[in-house]
Amino acid sequence: MGLDKQALEAAFGRWCGKLRLVPGWDVKLSWVEDPGWRKTGDLKIDCDDKKAVLLLNAANPKQENLEEVIVHELMHLKLYPLDQVTESLILSQFEEGSSACSFAYRQFFTALEQTVEELAKCFLLEFGEDKTLSFGRCEGQKSFNELYEGLKNL
């Protein structure tokens with residue numbers, strides 16, 4: 001089963017418009033053909049030139065619905081100003097490399113990823129061509145019972 005790159009490029013264009021990223025940003029889609037690349041999608045951003053490149057894994061994507069990945073990565077671009085303000089605030093309050101700084105970063109990035117994914121799912125379910133959510137990341141996770149096996153005596 002091969003990727004329908006043409007359909008995904010069309011979806012990418014639709015979502016850039018729907019999220020009002022263009023014409024303010026120059027955004028391009030780039031395919032990663034390296035089978036060793038572990039991500040399904042990623043985003044590279046140059047704020048000075050207002051350019052971004054969305055990278056999609058064409059060799060071995062972990063998610064079933066790449067339209068969902070496109071929306072997720074574009075949401076990162078939409079939220080990037082907030083991301084940068086928060087990161088600057090963390091660095092201004094905590095010594096870089098300290099345990100407090102690491103804790104603040106972990107908490108922020110966890111909340112950021114959860115927020116981006118929730119927004120992506122909401123937009124996908126409302127406006128997506130393929131409304132099927134991906135569960136690929138779940139396959140590698142421990143089951144509920146495995147997570148709490150050591151806690152049974154509590």
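Me: Contact means heavy atoms within 4.5 Å. On that basis, which helices and strands do the buried residues of helix 2 pack against?

Reply: They pack against helix 1 (5-18), strand 1 (26-32), strand 2 (41-46), strand 3 (51-57), helix 3 (80-93) and helix 4 (99-127). Helices (H or I, at least four residues) and strands (E, at least two) are DSSP runs, numbered from the N terminus. This is a predicted model, where local features need pLDDT of at least 70 and side-chain atom pairs count only at pLDDT 80 or more, while totals for chains, interfaces and linings use all residues. Residues are numbered from 1 along each chain as its sequence is written, and side-chain values use heavy atoms, leaving out hydrogens and water.

Me: How many residues of helix 2 are buried?

Reply: Twelve of its 13. Buried means under 20% relative accessible area, exposed over 50%, and partly exposed in between, with a 1.4 Å probe and protein chains only. Among the buried ones are L66, I70, H72 and L74.

Me: What span does helix 2 have from first to last C-alpha?

Reply: Residues 66-78 reach 18 Å, close to the 18 Å expected. The expected span is 1.5 Å times one less than the number of residues.

Me: What sits at the start of helix 2?

Reply: A side-chain oxygen of N65, within 2.9 Å of the backbone nitrogen of E67. That is a polar contact: N or O atoms within 3.5 Å, one able to donate a hydrogen and the other to accept it within protein, with sequence neighbours counted only if both atoms are side-chain atoms.

Me: And H72, what does that touch?

Reply: E113, V116, E117 and A120, leaving aside residues up to four places away in sequence. H72 lies in helix 2 and counts as buried because its relative accessible area is 9%.

Me: Which residues touch the most other members of the largest nonpolar core?

Reply: F12, V27, L54, L56, I70 and L74, out of 33 residues. Helix 4 gives the largest share, eight residues. A nonpolar core is a set of buried Ala, Val, Leu, Ile, Met, Phe, Trp, Tyr and Cys residues joined through side-chain atoms within 4.5 Å.

Me: Changing topic: how many disulfides are found?

Reply: Zero, in a search of the whole structure, taking a disulfide as a pair of cysteine sulfur atoms within 2.5 Å. For C47, the nearest cysteine sulfur is that of C16, 15 Å away.

Me: What is the relative accessible area of C47?

Reply: 38%, so C47 is partly exposed. C122, at 43%, is also partly exposed.
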